[in-house]
Structure formats: structure tokens, C-alpha cells
Amino acid sequence: QVQLVESGGGLVQPGHSSSLSCAASGVPFNNPSMGWWRQAPEKKREFVAAIAGHHTIYADSVKGRFTISKGSAENTVVLQMNNLLPDDTAVYYCAADASLQLVSQRGGYWGQGTQVTVSS
């Protein structure tokens, strides 16, 4: 059974930082590519960042502000979010798939999501 469990998020003031973590288990690939997507109210889910090995890719909207990295445990990933903006408010979903291309284009396996609200 595939499980992706996110942690972190919550209410953050504009300009401040926060981080999200995700742990994947039961994924039927060795060394899955992992990433983050987000969905704001009344908007489509959009890609945020992904990592596979030493390769990372980011959406233009978060480049220079967000950093994705592997966690200390196997099949874990961390999204460090700096200089958060109100437009970053969304439900953030962890995703895992067989390749960087797939996880960035379709997501693959999904977590339940965690809310990030950027507001003063």
C-alpha cells in the first residue's frame, strides 16, 4: 500500500519561512522521484518542485524562494519555503513517481495534502 504523509504547514506571515516534509512508503519503484504540487482555492493543481538524485526542478513562481531536498530518511523529501507570499497560500501535496519528468508532469502517487496559509 502506497502512503505519502506530509507534515508542516499552517499559518505563516508574509515574508517569513516555513518547511514541509513528506515520507513515502510502499512506492513500487527504487529511488522514486518526489515532488510537491499545490492547489489554491478555485485553481487547478500546479507543480511546485521535484527532486531525483541530485537533480531538481522548480516552477518559475517559486525559483529562488523554495528549495527541495532529500530528507535524512529514505524516501523523504523536504520543501523549504522562504519569503512566502500570500499567493503561496494553497494546499500542498507531496507526490512520487518513477522519474523527474513524470512527477513534475503528472504527480503520480499523492499524499493527502497540507494547508499553507500566508497571511498577516
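Me: What is the handedness of the link of C22 and C94, and what is the angle about the S-S bond?

Reply: Happy to. This is a predicted model, in which local features need pLDDT of at least 70, side-chain atom pairs count only at pLDDT 80 or more, and totals for chains, interfaces and linings use all residues. Residues are numbered from 1 along each chain as its sequence is written, and side-chain values use heavy atoms, with hydrogens and water left out.

The link of C22 and C94 is left-handed, with -85° about the S-S bond. It connects distant parts of the chain: C22 sits in strand β3 (residues 18-25) and C94 in strand β9 (residues 90-97), 72 residues apart. Strands here are DSSP runs of E, at least two residues long, numbered from the N terminus. The sulfur atoms of C22 and C94 lie 2.0 Å apart, and the structure holds one disulfide (a pair of cysteine sulfur atoms within 2.5 Å). Both C22 and C94 are buried (under 20% relative accessible area, with a 1.4 Å probe and protein chains only).

In β8, V77 stands opposite C22. β3 runs antiparallel to strand β8 (residues 76-81), and six bridges join the two; strands count as paired if DSSP finds at least two bridges between them. Both belong to an open sheet of four strands, ordered β1-β3-β8-β7 with antiparallel pairing. Its edge strands, β1 (3-8) and β7 (66-70), each pair on one side only.

Notes. Buried means under 20% relative accessible area, exposed over 50%, partly exposed in between (1.4 Å probe, protein chains only).
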